[in-house]
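Me: I'm new to this one. Can you walk me through it?

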Amino acid sequence: STCFEVTGLTKIYGEGSAQVRALRGVDVTIRDGEVIVLLGPSGSGKSTLLNILGGLDTPTDGHVFYHGVDLTTMSDRDLTSYRRDNVGFVFQNYNLMPGLTAEENVELVTEIAANPLKAAEALELVGLGERLRHFPSELSGGEQQRVAIARAIAKRPGVLFCDEPTGALDSTTSLKVLRALNRVVEELGTTMLMVTHHQGIAPLAHRVLHFKDGSVDREVINETRARPE
Ligand code: ADP
Ligand code: ADP
């Protein structure tokens, strides 16, 4: 079924001569459980789309329906609930609390979620079952990002947004992290939208959206991976 229905999505930053048209009327439909990769040059609007679908930013025009509910007409309070209950984010910087162990970092989220995984379970899903008591400084970059992924999925979000999740990692570690990420979203049935420059990620996606100048220039369906209905 349909996760997101996006119509005529437009985002203009700034005023007058300083105006930037970050999104110029994006139309896209995303199915529940779909894994989407967003590719395209820097400045083409990928992060802006993620931020609006994730309820971190609001559009200038157009609509975003999440399971039939329009995010663009929600109050700030409802948008905050939407984020808290439905959305996970993974960014390039891991934003872990340095004074807390891996398990405690994930517990920050599981303590306030309605139907969370156990922190240890989430960490096992990303292959860190043996690292529960480690502090971030005792973990490699790839491991720290996997803790951040565990934290993002522990509340069982309907949708996970990843913005350059491996941007700070070398290519071997990146591939390990991306494989862990993919295993988890498949196991939990999470819809995922990921911005990445990493070569070779396309085979993991159901669909790749190529951005150019604030719109989807082209989409490529991965014929080797059956899309969810
Ligand atoms: P991408 O993720 O593809 O690199 P972005 O969505 O980050 O692209 O940016 C699209 C355009 O919007 C760029 O020209 C960028 O400079 C501009 N932009 C993004 N965020 C802001 C902002 N908060 N204020 C002003 N301009 C912004
Ligand atoms: P990954 O590919 O998951 O990032 P690495 O191959 O980089 O893992 O690291 C291998 C092991 O070395 C890790 O299990 C980690 O415990 C240890 N390690 C890596 N970097 C550090 C570090 N800066 N401090 C302590 N331990 C580290």
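Me: Where is asparagine 95 found?
Reply: Asparagine 95 is in the loop between S6 and H3. Those labels are DSSP runs numbered from the N terminus: helices are H or I with at least four residues, strands are E with at least two.

Me: What is the phi of asparagine 95?
Reply: Near 55 degrees, a positive value in a residue other than glycine. Most residues other than glycine have a negative phi.

Me: Before we go on, what kind of model is this?
Reply: This is a predicted model, where local features need pLDDT of at least 70, side-chain atom pairs count only at pLDDT 80 or more, and totals for chains, interfaces and linings use all residues. Residues are numbered from 1 along each chain as its sequence is written, chains are lettered from A and ligands numbered from 1 in the order in which they are written, and side-chain values use heavy atoms, with hydrogens and water left out.

Me: Back to phi. Where is aspartate 213, and what is its phi?
Reply: Aspartate 213 sits in the loop between strand S9 (207-212) and strand S10 (215-221). Its phi is positive too, near 50 degrees.

Me: Is aspartate 213 buried or exposed?
Reply: Aspartate 213 is exposed, because its relative accessible area is 53%. Buried means under 20%, exposed over 50%, and partly exposed in between, with a 1.4 Å probe and protein chains only.

Me: New topic. How many residues does helix H6 have?
Reply: Helix H6 has 18, residues 171-188. From first C-alpha to last it reaches 26 Å, close to the 26 Å expected at 1.5 Å a residue. The expected span is 1.5 Å times one less than the number of residues.

Me: What caps the N-terminal end of H6?
Reply: Aspartate 170 does. One of its side-chain oxygens lies 3.1 Å from the backbone nitrogen of threonine 172.

Me: And what follows H6?
Reply: Glycine 189, with a positive phi near 70 degrees.

Me: Which residues of H6 are buried, and what covers them?
Reply: The buried ones include Val177, Leu178, Leu181 and Val184. Their cover includes strand S3 (35-39), helix H4 (119-125), H5, strand S7 (159-163) and strand S8 (191-195).

Me: How many residues of H1 are buried?
Reply: Six of the eight residues in helix H1 (46-53), which is mostly covered. Among them are Leu49, Leu50 and Ile52. Just after H1, glycine 55 has a positive phi of about 75 degrees.

Me: How much space lies in the largest pocket?
Reply: About 300 Å³. On a 1 Å grid over the protein atoms alone, a pocket is an open set of points where a 1.4 Å probe fits, with protein on both sides within 12 Å along at least five of seven lines; lining residues have an atom within 4 Å of a point. The volume is the space filled by probe spheres set on the points.

Me: Which residues are closest to the centre of the largest pocket?
Reply: Of the 15 lining residues, Phe89, Val109, Arg151, Ala152 and Lys155 are the closest. Strand S6 (87-91), helix H3 (102-110) and helix H5 (141-153) each supply at least two of the lining residues.

Me: Last one. What does threonine 2 touch?
Reply: Threonine 2 touches Thr29, Ile30, Arg31, Asp32 and His67, not counting residues up to four places away in sequence. Contact means heavy atoms within 4.5 Å. Threonine 2 and histidine 67 are 65 residues apart in sequence and 6.4 Å apart in space, C-alpha to C-alpha.

Methods: A polar contact is a pair of N or O atoms within 3.5 Å; within protein, one must be able to donate a hydrogen and the other to accept it, and residues adjacent in sequence count only if both atoms are side-chain atoms.
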